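Here's a quick tour of a protein model and what it holds. Take a look at the structure first, then read on.

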Amino acid sequence: MADVLRYDKDCIFCKIIKGEIPSTKVYEDENCYAFRDINPQAPVHILVVPKTHIASCADIDAENAHIAGEIFTAIAFIARQEGLDGGYRVITNCGEDAGQTVHHLHFHILAGVKMGERLL
Ligand code: AMP
Ligand code: ZN
């Protein structure tokens with residue numbers, strides 16, 4: 001669904017999406033952009049973001065919920081593209097206690113290592 005894309009001039013991920021800050025692109029479509037995390041926490045660490053500025057998953061509502069589906073469709077495509085046959089973990093940090101540092105909704109894809117069963 002083609003919404004008007006929202007751009008926040010103070011947002012580093014909005015700048016990455018626009019190409020104003022360089023990134024290592026992994027995937028792009030009309031709604032989503034994916035790039036390699038600058039500080040990888042696993043052998044494969046990719047960030048998937050909506051092209052429109054949404055601060056976090058706390059701002060998902062009935063109007064924009066389609067974005068969540070678009071992102072997870074992109075995640076499944078990226079996992080196949082990157083050959084993540086052994087599995088992967090998807091994480092989104094929401095708010096201060098979760099340690100969210102960039103306030104543009106993003107999903108971490110982590111892979112390439114056997115992860116523990118515990119999340120914390
Ligand atoms: P979070 O802590 O969930 O907000 O995650 C933010 C992520 O963005 C961290 O894993 C950072 O390493 C990553 N990050 C910050 N700046 C950049 C950048 N310019 N390019 C790629 N990844 C970045
Ligand atoms: Zn943004």
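A residue counts as near a molecule if one of its heavy atoms lies within 4 Å of it. With that in mind, 16 residues surround ligand 1, and the closest are Asp-37, Asn-93, Thr-101, His-106 and His-108. Keep in mind that this is a predicted model, where local features need pLDDT of at least 70 and side-chain atom pairs count only at pLDDT 80 or more. Residues are numbered from 1 along each chain as its sequence is written.

**Ligand 1**
- Polar contacts here are pairs of N or O atoms within 3.5 Å.
- In the side chain of Asn-93, an N or O atom is 2.8 Å from an oxygen atom of ligand 1.

**The zinc ion (ligand 2)**
- Cys-11 (SG), Cys-14 (SG), His-53 (ND1) and His-104 (ND1) coordinate the zinc ion at 2.0 to 2.3 Å; donors are N, O and S atoms within 2.8 Å of the metal (3.2 Å for Na, K and Ca).
- Along the sequence, these donor residues follow the spacing C-x2-C-x38-H-x50-H.
- Cys-11 and Cys-14 are both buried (under 20% relative accessible area, with a 1.4 Å probe and protein chains only).

Conventions
Chains are lettered from A and ligands numbered from 1 in the order in which they are written. Side-chain values use heavy atoms; hydrogens and water are left out. Buried means under 20% relative accessible area, exposed over 50%, partly exposed in between (1.4 Å probe, protein chains only). A polar contact is a pair of N or O atoms within 3.5 Å; within protein, one must be able to donate a hydrogen and the other to accept it, and residues adjacent in sequence count only if both atoms are side-chain atoms.
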